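Let's take a look at how two protein chains sit against each other. Have the sequence and the 3D view open as you read.

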Amino acid sequence: MNTENWTLNIIESTNGMVKVLPNKILFDKIQNRINLENRVSNKWIFIAAATFALLISINIKLLKSCATKSNTQSETVISTLSTTNLLY
Amino acid sequence: MALDNKDFEKLYNQYSILVYNLALNYLQNIEDAEEITQDVFIQINNSLSKFQEKSSLKTWIYRITINKCLDFIKHKNSQKRFFIFGKKSQNEFEIENVSNFEHPGILMENKEKSKLLFEIINELGENQKTAFLLSKVDGLSNPEISEIMKLSISSVESLVFRAKSTLKEKISNKFEEYRKKINY
């Protein structure tokens with residue numbers, strides 16, 4: 001056999017190839033993965049919502065404590081100024 | 001929005017053979033082809049609502065499958081590079097070896113020859129490999145391939161032609177090896 005024929009034989013070796021059927025359990029595997037993904041996504045939605053709620057409550061608490069702190073500071077300054085009533 | 005079970009099963013029955021065989025031709029490994037088939041149908045289920053019908057459903061499925069296969073090969077190659085510099089894989093054979101694959105759909109008398117053909121197909125560039133597999137192995141026409149690959153028909157013709165020339169050249173280089181093997 002010469003090189004050309006041999007090469008042609010190799011290239012033509014996929015002629016008459018038949019389609020292969022996938023494993024029967026593949027569909028069940030796919031459905032299981034889809035169900036699992038849905039379950040996981042719900043769980044992550046809940047975690048994300050909980051994290052947001054926690055962040056918002058921490059922010060509100062911090063804002064409140066800052067506001068009370070600045071009020072008491074300004075009151076202290078005013079009270080020290082008003083004791084003498086002298087500006088200079 | 002995902003498909004309901006009956007529609008999804010119908011879609012799976014219609015396209016699973018196409019997806020599985022294309023993945024098998026690309027990856028030359030049954031387990032990998034099954035994994036890609038799973039990934040493709042999960043993506044179809046998740047993003048069918050986003051499908052804009054700019055192309056046919058079949059073309060869209062072909063594109064998803066090809067992209068998944070290419071990503072899978074890239075991932076596998078990066079793993080291979082990691083194993084060269086890092087610790088060795090326990091399953092090195094699986095990562096390195098694709099040439100020993102015997103396609104289950106190939107006629108018995110062609111098994112040995114097709115093994116060599118697939119080994120050399122793997123050495124082609126991404127586009128040449130895709131064009132050749134779709135044209136020669138999947139039997140698609142050039143207009144169909146051009147739609148799937150989003151290229152002009154003349155580009156597809158050129159890709160297939162160059163792929164065949166490269167294959168012929170590489171296969172003929174192996175002829176000496178084959179002759180020696182036969183003489184022994």
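What follows is a short tour of a predicted model, starting with the interface and ending inside chain B.

## Where the chains meet

Start with the contact between the two chains. On one side, 41 residues of chain B take part, and they are in contact with 28 residues of chain A.

Between chain B and chain A, 9 residue pairs are in polar contact, counting pairs where both residues are at pLDDT 80 or more. Which parts of chain B supply the touching residues? Helices α1 (5-27), α2 (30-47), α5, α6 (126-137) and α8 (153-183) of chain B each supply at least two. The biggest giver is α1(B), with 10 residues. Sort that side of chain B by residue type and you get 18 nonpolar, 13 polar and 10 charged.

Now zoom in on one helix from each chain.

Who does the touching? From α1(A) it's Trp6(A), Asn9(A), Ile10(A) and Ile11(A), while α5(B) brings Lys113(B), Leu116(B) and Leu117(B). By type, the residues of this contact split into 5 nonpolar, 1 polar and 1 charged.

## Charged pairs

Side chains of opposite charge can pair when their charged atoms come close. Over all chains, the structure has 9 salt bridges, and 3 salt bridges lie across the interface of chain B and chain A. Lys136(B) forms a salt bridge with Glu12(A), with their closest N and O atoms 3.9 Å apart.

Another pair sits within chain B: the side chains of Asp32(B) and Lys76(B) meet in a salt bridge, at 2.7 Å from N to O. This pair links distant parts of the chain, with Asp32(B) in helix α2 and Lys76(B) in helix α3 (residues 57-85), 44 residues apart.

## A look at Ser135(B)

Last stop: Ser135(B), which you'll find in helix α6 of chain B. Leaving out residues up to four places away in sequence, what does Ser135(B) touch? Its partners are Leu140(B), Ile145(B) and Val160(B). For a sense of distance, Ser135(B) and Gln28(B) are 107 residues apart along the chain, and their C-alpha atoms are separated by 17 Å.

Key: Residues numbered from 1 in each chain as written. Chains lettered and ligands numbered in written order. Predicted model: local features only at pLDDT ≥ 70, side-chain atom pairs only at ≥ 80, totals over all residues. Heavy atoms only, no water. Contact = heavy atoms within 4.5 Å. Helix = DSSP H or I, 4+ residues; strand = E, 2+ residues; numbered from the N terminus. Nonpolar A, V, L, I, M, F, W, Y, C, P; charged D, E, K, R; others polar. Salt bridge = Lys/Arg side-chain N within 4 Å of Asp/Glu carboxyl O. Polar contact = N/O pair within 3.5 Å; in protein donor to acceptor, adjacent residues only side chain to side chain.
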